[in-house]
Amino acid sequence: MGQSIIFTVDLEDWFTDGRQNRISSWNNYELRIEANVRTILTLLAKYNAKGTFFVLGWIALKKPDLIREIHALGHEIASHGFAHELVYTLTFDQFRNDVRKSKDILEDIVGTRVIGYRAPCFSMIKWGLEILKQEGFKYDSSIIPNTFHDLYAKLYSRLDKACFEIQENFWEVSLPVLQMGPVNIPWGGGGYLRFYPYSLFKQGINKIVESKGLYNFYIHPYDLDNSQPRLADLSLLNKLRRYYGLKFTEGKLDKLLNDFECKSITAYYPFLSTLK
Ligand SMILES: [Zn+2]
């Protein structure tokens, strides 16, 4: 068994991307999440691995039994907000309402405290962190430090440590970047796992673990779904980001789980659960 890493899932469906489809249209689409989540759960069980599932509130309302089942299997349930809106497009109150609603829904379903949050498309900004703390979250996992991407928030952050205290009793468990000279390449999973050959991806993980002491992996259920309907009106770049290499994801995930000991965020950092 290799090095311990954090394993996370952003639990949303193929159409729940607020940039392409507003939440008002989501009822028109076929839910495909369950089968894809089951593939992930089966792989995790095969290696006795655990993960943190950042669940979209809208999905939790549609699939409460699935969320309860994930929780009962020993995985951590955390929040991915309710409507998948980019944080920097919302007002303070809109963001507060979105995260509060998702936290209430999830806590109702699983019956335990939900303390973690991940922003849609890693769109976290400074005041968002303040609101998360006020709403009772203990950690955020949305910052991809010092990188260039048209969606990610430009929230500059420390590179020397991957997990750090932002305010008293509120922590950031940031997403990994691979430093190549002056450039920081996002290396968290999802599209990056689909894009790079596995051996190269694994080398990057090992480098990051060596330099930061932590690697925080993420995947979406739709990253494994080669039969998903294709969203209309995507730019060529966004098509590549969403659909490149889908049919190889499952095999790569199997290798990752074999090569690394995967844990949820609160299993990796038990102190987070004890914060008042
Ligand atoms: Zn998302």
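Is aspartate 259 buried, partly exposed or exposed? In this predicted model, aspartate 259 is partly exposed, with a relative accessible area of 22%. The close-ups below start with that residue and its partner.

**View 1. Lysine 202 and aspartate 259 pair up in a salt bridge.** Here the N-to-O distance is 3.4 Å. Lysine 202 belongs to helix 7 (residues 198-212) and aspartate 259 to helix 9 (residues 249-259), so this pair ties together parts that sit 57 residues apart in sequence. As a bit of background, side chains of opposite charge can pair when their charged atoms come close.

**View 2. Glutamate 135 reaches arginine 100.** The closest N and O atoms of this salt bridge are 2.8 Å apart. Glutamate 135 comes from the loop between helix 5 (126-134) and strand 5 (139-140), while arginine 100 comes from helix 4 (residues 92-110), so the bridge ties together parts 35 residues apart in sequence. Look at how the two partners sit: glutamate 135 has 14% relative accessibility and counts as buried, whereas arginine 100, at 38%, counts as partly exposed.

**View 3. Inside helix 4, glutamate 107 forms a salt bridge with lysine 103.** Their closest N and O atoms are 2.8 Å apart. The two residues are 4 places apart in the helix, which means about one helical turn separates them. Lysine 103 is buried, with a relative accessible area of 9%, and glutamate 107 is partly exposed at 21%.

**View 4. Four charged residues join in a network.** Salt bridges link Glu34, Arg38, Lys63 and Glu69 here. Across the whole model, the count of salt bridges comes to 14.

**View 5. A zinc ion is held by one glutamate and two histidines.** Glutamate 12 is in the loop between strand 1 (4-11) and helix 1 (33-46), and histidine 84 is in the loop between strand 3 (76-79) and helix 4, so the pair ties together parts that are 72 residues apart in sequence. Glutamate 12 and histidine 84 are both buried.

**View 6. The largest nonpolar core has 76 residues.** In general, nonpolar side chains tend to be buried together in soluble globular proteins. Which residues have the most contacts inside this core? They are Phe7, Phe53, Phe201, Leu253 and Leu256. Zoom in on leucine 256: leaving aside neighbours within four places in sequence, leucine 256 is in contact with Ile5, Phe7, Tyr198, Phe201, Ile205 and Phe217. Another core, of 15 residues, lies apart from the largest one and has Ala78, Trp171, Tyr268 and Tyr269 among its members.

**View 7. The largest cavity has a volume of about 60 Å³.** How many cavities of 30 Å³ or more does the structure hold? There are 2. The largest cavity is lined by 12 residues, and those closest to its centre are Ala162, Ser174, Leu175, Val177 and Lys212.

How values were computed. Residues are numbered from 1 along each chain as its sequence is written. This is a predicted model: local features need pLDDT of at least 70, side-chain atom pairs count only at pLDDT 80 or more; totals for chains, interfaces and linings use all residues. Side-chain values use heavy atoms; hydrogens and water are left out. A salt bridge is a side-chain nitrogen of Lys or Arg within 4 Å of a carboxyl oxygen of Asp or Glu. Buried means under 20% relative accessible area, exposed over 50%, partly exposed in between (1.4 Å probe, protein chains only). A nonpolar core is a set of buried Ala, Val, Leu, Ile, Met, Phe, Trp, Tyr and Cys residues joined through side-chain atoms within 4.5 Å. Contact means heavy atoms within 4.5 Å. Donors are N, O and S atoms within 2.8 Å of the metal (3.2 Å for Na, K and Ca); water is not among the atoms, so sites may look incomplete. On a 1 Å grid over the protein atoms alone, a cavity is a set of points where a 1.4 Å probe fits but cannot get out, and a pocket is an open set with protein on both sides within 12 Å along at least five of seven lines; lining residues have an atom within 4 Å of a point. Grid points are joined across faces, edges and corners, and a volume is the space filled by probe spheres set on the points.
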